[in-house]
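Okay, thanks everyone, I'll keep this short. Have a look at the model on the screen, and I'll walk you through a few spots in it.

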Amino acid sequence: MPNVAIETHEISKSYKLGLAYGYGTLRDSLVGGLKRTGKRMVGRGGRKQHDSLWALRGVTFEIESGETVGLIGHNGAGKSTILKVLSRIIEPTEGWAEVTGRVGSLLEVGTGFHPELTGRENIFLNGAILGMRRAEIRARFDEIVEFADMGRFLDTPVKRYSSGMSVRLAFAVAAHLEPEILLVDEVLAVGDAAFQRKSLAKMSEVASAGSTVIFVSHNLATIQALCQRGIMLERGQVVADGPVGESVNHYLRVLERSASDDLLERIDRDGRGQEVTRISRVALYDDESGLADVVVGGRPARIVVEFTEQLPMMECELTILNSLGHPITTLDSSLSSPADRRQPELSNQIECMLGGLPLVPGRYRIDVVLRARQEVQDGLQAAAYFDVEPGLVDGRPMPETGGDGDVVLPHLWRLPPF
Ligand SMILES: Nc1ncnc2c1ncn2[C@@H]1O[C@H](COP(=O)(O)OP(=O)(O)OP(=O)(O)O)[C@@H](O)[C@H]1O
Ligand SMILES: [Mg+2]
């Protein structure tokens with residue numbers, strides 16, 4: 001008989017709007033926009049509807065001990081909120097959760113650490129909170145410090161750490177203090193690529209040792225690599241729960257539908273609350289045919305991002321993903337080349353020119369993040385989709401479908417004579 005590690009029953013969580021809250025201001029004001037279009041979020045229990053937002057609504061699931069579960073869904077769907085409820089950082093407004101076992105969690109940067117205490121002190125503090133004895137913590141201490149790669153900052157107060165360093169330490173603590181249940185939110189994205197790989201490997205190790213893992217990520221490839229089961233949240237409700245492949249497919253279909261919506265109407269966006277500009281349109285053009293959203297592979301193409309307001313020093317990051325939601329490449333204007341240009345005649349628009357689009361025929365998705373003043377101004381997953389038709393790369397026909405990869409590298413052969 002498998003044991004139940006986590007059980008939630010009809011969990012709802014409402015937040016009061018208008019309270020200072022770092023990341024939500026834009027989203028909150030957009031929820032106001034939703035109300036105008038009539039898709040009002042319904043409050044319960046006689047509460048005033050206009051000043052609260054239901055981040056979770058009637059969430060019920062059961063997770064057996066040893067299961068690995070990926071939580072997926074749009075921005076603002078409630079993924080982080082459910083993890084905070086499970087790790088007892090916040091109380092649900094309605095319903096209950098029962099969590100059986102020692103929980104290691106890595107949620108937002110900074111949670112779980114005392115800023116005035118040093119890295120060393122925080123490791124012991126966290127261990128104590130998890131109910132470990134000092135000797136047990138000491139036995140894992142070196143491994144944690146090595147994993148987090150923070151030797152000489154060990155005796156520095158955590159408030160002086162960079163966000164990358166805090167995440168490294170928090171992950172190392174959560175994953176090494178023998179958690180029976182490991183809850184990991186997206187924050188891994190803050191670390192560098194090498195640390196991300198190391199963390200994913202550590203998570204699979206924790207999972208194969210029999211711990212229960214809940215992992216939140218927008219990267220569907222890592223979710224599928226790590227998790228057996230997928231739960232999809234949408235506007236605070238569970239809309240899919242099953243084998244990870246099925247839930248991911250469901251999510252991909254929903255994403256594709258939302259790409260055809262007016263981008264300005266979408267509420268599932270990233271931003272930090274201070275943003276003044278928003279992505280209004282994204283399209284990819286075949287530079288020879290001029291057609292939008294259909295390109296012949298191998299031909300020059302251009303991705304155009306339009307936004308509502310121009311700010312000084314804007315930067316743009318585009319991620320191209322294949323039809324399975326796996327990222328293929330990221331194009332980031334802040335990694336600049338001497339050949340890039342800032343052009344006065346480009347207003348409210350950024351263009352990314354692709355020499356010859358080296359993609360095999362298929363359907364692709366573009367995710368966009370717009371930055372200015374070093375801050376994320378706006379971000380949209382699935383801002384646009386495009387289709388690639390069979391073409392030539394340097395005169396060479398490309399494989400028909402992406403069975404063995406998505407890109408074709410320009411290349412030449414040297415062969416013995418016929
Ligand atoms: N402290 C808070 N006060 C007010 N609203 C909040 C607070 N925390 C979250 N929310 C709101 O609750 C909803 C769910 O947020 P949550 O952070 O759980 O989403 P998420 O699925 O983790 O999104 P993301 O993918 O962007 O991380 C959002 O509309 C968000 O703006
Ligand atoms: Mg989140």
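Let's start with the ligand. Three elements, α1 (25-36), β2 (52-64) and α2 (79-86), each put at least two residues into the shell around ligand 1. The biggest giver there is α2, with 3 residues. Before I go on, please keep in mind that this is a predicted model.

So which residues come nearest to ligand 1? Out of the 15 residues around it, those are G76, G78, K79, S80 and T81. K79 also has a polar side-chain atom 2.7 Å from an oxygen atom of the ligand. How much of ligand 1 does the protein cover? On its own the ligand has 630 Å² of accessible area, and the protein covers 87% of that.

Okay, zooming out for a second. The chain has 418 residues, and 47% of them are buried. In secondary structure we're looking at 8 helices and 20 strands. If you take the contacts with a separation of 6 or more, 70% of them are between residues 24 or more positions apart. The chain exposes about 20,900 Å², and 51% of that comes from carbon and sulfur atoms.

Now, the helix I wanted to show you is α4, residues 134-148. It has 15 residues, and from first C-alpha to last it reaches 20 Å, which is close to the 21 Å expected at 1.5 Å a residue. Where does α4 bend? That's at R140, by about 40 degrees. R140 is also on the list of buried residues in this helix, along with I137, F141, I144, V145, F147 and A148. As a reminder, an α-helix has 3.6 residues a turn, so residues three or four places apart point the same way. What do the buried residues of α4 pack against? Three other helices: α3 (119-129), α5 (163-176) and α6 (193-208).

Speaking of α6, that's where you'll find K202. Is this lysine buried or exposed? K202 has 11% relative accessibility, so it counts as buried. Setting aside neighbours within four places in sequence, K202 is in contact with E143, F147, F171, A175 and H176.

D149 isn't a glycine, yet it has a positive phi of about 55 degrees. Its relative accessibility is 55%, so D149 counts as exposed.

There's another non-glycine with a positive phi, M313, at about 50 degrees. You'll find M313 in the loop between β13 (301-307) and β14 (315-321). With 53% relative accessibility, M313 counts as exposed.

Last stop, D286, which sits in strand β11, residues 279-286. Why do we call D286 buried? Because its relative accessibility is 1%, and the cut-off for buried is under 20%. A polar atom of the D286 side chain lies 2.9 Å from the backbone nitrogen of E288. Not counting residues up to four places away in sequence, D286 touches L291, V294, V295, V296, R299 and P300.

Okay, that's my tour. Happy to go back to any of these spots on the screen.

Note on methods: Residues numbered from 1 in each chain as written. Chains lettered and ligands numbered in written order. Predicted model: local features only at pLDDT ≥ 70, side-chain atom pairs only at ≥ 80, totals over all residues. Heavy atoms only, no water. Helix = DSSP H or I, 4+ residues; strand = E, 2+ residues; numbered from the N terminus. Expected span 1.5 Å × (residues − 1). Bend = angle between axes of the 7 residues up to and from the residue. Buried < 20%, exposed > 50% of the residue type's maximum accessible area, 1.4 Å probe, protein only. Contact = heavy atoms within 4.5 Å. Near = heavy atom within 4 Å. Polar contact = N/O pair within 3.5 Å; in protein donor to acceptor, adjacent residues only side chain to side chain. Areas by Shrake-Rupley, 256 points an atom, 1.4 Å probe, with all protein chains shown as cover.
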